[in-house]
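The notes follow in the order in which I checked them.

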Amino acid sequence: MNTIYYSIKEVSERLDITYRTLHYYEKKFNLQINRDKSGSRIYREEDIALLEKILELKDKGITLDGIKSLFEEKGVLSNEDDNKSIALIDEEDVDVKEIIINEIKLAVSKELEDTKNTLNEIVEDNKSLRKELRELKRANEDHYRKIDNRLTEWRNSSNKPWWKKLFK
């Protein structure tokens with residue numbers, strides 16, 4: 001089976017990116033792009049597919065460093081100089097969007113759990129404060145009830161009006 005090679009111009013037009021961007025990605029991702037006899041870069045379909053995946057993930061908002069880490073983690077890129085065993089990943093293998101959503105869910109659920117614990121502590125503190133407030137109200141009611149009873153006894157203790165007792 002014959003391998004079809006593409007020039008940098010054809011790849012640039014196909015992916016709608018500049019030559020400089022292709023050179024940058026080659027360096028950034030340590031891509032081993034073949035060269036012809038004159039030293040010009042020639043790209044295989046596998047190289048183009050990898051570049052398309054990089055552009056797709058970049059469009060989804062992932063940084064180039066993040067893409068590189070993800071590719072290395074999944075074995076798409078190796079840290080060695082020979083990249084003969086490049087295995088392209090597809091949407092079923094790595095759904096970046098799903099990974100990001102799961103990370104957000106974990107962070108939010110942890111934050112919600114912390115908030116729930118804090119609210120439970122506040123409710124418990126509130127319950128104890130309410131109990132203390134009720135006890136203080138009862139104590140005040142008892143105190144004023146005793147004063148009221150003493151005043152009533154004092155007024156009713158003789159036949160004189162209460163104001164005469166007060167101002168003898």
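Which helices each supply at least two residues of the nonpolar patch? Keeping in mind that I am working from a predicted model, I traced the patch back to its elements and found that α5 (96–156) and α6 (162–166) each reach that count. The largest share, four residues, comes from α5, while Trp163 is a patch member that lies in helix α6.

Next I turned to helix α1 (residues 8–15) and helix α3 (residues 45–59), whose axes come within 11 Å and cross at roughly 35 degrees. I looked up the handedness as well, and the crossing of α1 and α3 is right-handed. On the α1 side the contact is made by Val11, Arg14 and Leu15, and on the α3 side by Glu45, Ile48, Leu51, Glu52 and Leu55. Sorting this contact by class, I have five nonpolar and three charged residues, with no polar ones.

Conventions. Residues are numbered from 1 along each chain as its sequence is written. This is a predicted model: local features need pLDDT of at least 70, side-chain atom pairs count only at pLDDT 80 or more; totals for chains, interfaces and linings use all residues. Side-chain values use heavy atoms; hydrogens and water are left out. Axes are lines fitted to C-alpha atoms, for helices over the stretch in contact, and angles run from 0 to 180 degrees between N-to-C directions. A crossing is left-handed if the near helix is turned anticlockwise from the far one by less than a right angle, and right-handed if clockwise. Contact means heavy atoms within 4.5 Å. Ala, Val, Leu, Ile, Met, Phe, Trp, Tyr, Cys and Pro count as nonpolar, Asp, Glu, Lys and Arg as charged, and the others, Gly among them, as polar. Patches are made of residues with over 30% relative accessible area and no salt bridge: like charges are joined within 9 Å, nonpolar side chains (Val, Leu, Ile, Met, Phe, Trp, Tyr) within 5 Å. Accessible areas come from the Shrake-Rupley method with a 1.4 Å probe; for residues, only the protein chains shown count as cover. A salt bridge is a side-chain nitrogen of Lys or Arg within 4 Å of a carboxyl oxygen of Asp or Glu.
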